[in-house]
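Thanks for coming. I will take a few minutes on one structure, so please look at the screen.

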Amino acid sequence: GNIGRLFRFTISGDGFFVAGERGVGFARLNGPLQSPLREGDLPGRVRDVEADEQYLWVATERGLVRFRLGAIRP
């Protein structure tokens with residue numbers, strides 16, 4: 001609800017990041033969305049999302065942003 005209609009996800013640790021029309025958030029199965037990054041936290045509308053061992057990469061319509069997982073994942 002708070003990040004809009006979901007269209008992408010990427011696995012990260014014991015959960016996954018989901019990308020929606022208005023942002024990105026971390027979730028676990030059968031759990032609520034945590035640590036949402038919404039419009040305003042990001043430079044533009046989300047287009048794609050990917051995670052590696054250290055970073056969450058968010059492609060937006062205005063460029064690529066990376067976040068250190070330790071800083072944003074619960």
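I will go through the sheet, the core, the aromatic pairs and the salt bridges, in that order.

First, what we are looking at. This is a predicted model, in which local features need pLDDT of at least 70 and side-chain atom pairs count only at pLDDT 80 or more, while totals for chains, interfaces and linings use all residues. Residues are numbered from 1 along each chain as its sequence is written, and side-chain values use heavy atoms, with hydrogens and water left out.

Now the sheet. Two strands pair if DSSP finds at least two bridges between them. In general, strands of a sheet pair through backbone hydrogen bonds, either parallel or antiparallel.

Which order do the strands take in the open sheet here? The order is S5-S6-S7, 3 strands with antiparallel pairing. S5 and S7 are the edge strands, each pairing on one side only. On average, neighbouring strands of this sheet are turned by 20° against each other, direction ignored. For that angle, the axes are lines fitted to C-alpha atoms, and angles run from 0 to 180 degrees between N-to-C directions.

Take the two pairings in turn. S5 and S6 are antiparallel and share 5 bridges, and a hairpin of 3 residues joins S5 to S6. Val49 has Val58 in S6 as its bridge partner. Between S6 and S7, also antiparallel, there are 6 bridges, and the hairpin that joins S6 to S7 runs through 2 residues. Here Thr60 has Gly63 in S7 as its bridge partner, and Leu56 stands opposite Phe67 in S7.

Next, the core. A nonpolar core is a set of buried Ala, Val, Leu, Ile, Met, Phe, Trp, Tyr and Cys residues joined through side-chain atoms within 4.5 Å. Buried means under 20% relative accessible area, exposed means over 50%, and partly exposed is in between, with a 1.4 Å probe and protein chains only. As a general point, nonpolar side chains in soluble globular proteins tend to be buried together.

The largest nonpolar core in this model has 15 residues, and those with the most contacts inside it include Phe17, Val24, Leu42 and Val58. The elements giving two or more residues to this core are S2, S3, S5, S6, S7 and helix H1, residues 69–72. Which element gives the largest share? S5 does, with 3 residues.

Look at Val58 for a moment. Leaving out residues up to four places away in sequence, Val58 touches several others, among them Val24, Leu42, Val49 and Phe67. Contact there means heavy atoms within 4.5 Å.

On to the aromatic pairs. Rings of Phe, Tyr and Trp (its six-membered ring) pair if their centres lie within 6.5 Å; planes under 30 degrees apart count as stacked, over 60 as edge-to-face and the rest as tilted. The whole structure has 3 aromatic pairs. One of them is Phe9 with Phe16, edge-to-face at 6.3 Å centre to centre and 75° between the planes. Phe9 is exposed at 58%, whereas Phe16 is partly exposed at 21%. Tyr55 and Trp57 have ring centres 5.9 Å apart and planes at 65°, so that pair is edge-to-face too. In that pair Tyr55 is buried at 14%, and Trp57 is partly exposed at 28%.

Last, the salt bridges. A salt bridge is a side-chain nitrogen of Lys or Arg within 4 Å of a carboxyl oxygen of Asp or Glu. How many does the structure hold? There are 4 salt bridges, and I will show two.

Asp48 bridges to Arg8, with the closest N and O atoms 3.3 Å apart. Asp48 is in strand S5 and Arg8 in strand S1, so the pair ties together parts 40 residues apart in sequence. Both residues are partly exposed, Asp48 at 34% and Arg8 at 40%.

Glu61 and Arg47 meet at 3.0 Å, N to O. Glu61 sits in the loop between strands S6 and S7 and Arg47 in strand S5, so this pair ties together parts 14 residues apart in sequence. Glu61 is partly exposed at 48%, and Arg47 is partly exposed at 44%.

That is the end of my part.

Methods. Helix = DSSP H or I, 4+ residues; strand = E, 2+ residues; numbered from the N terminus.
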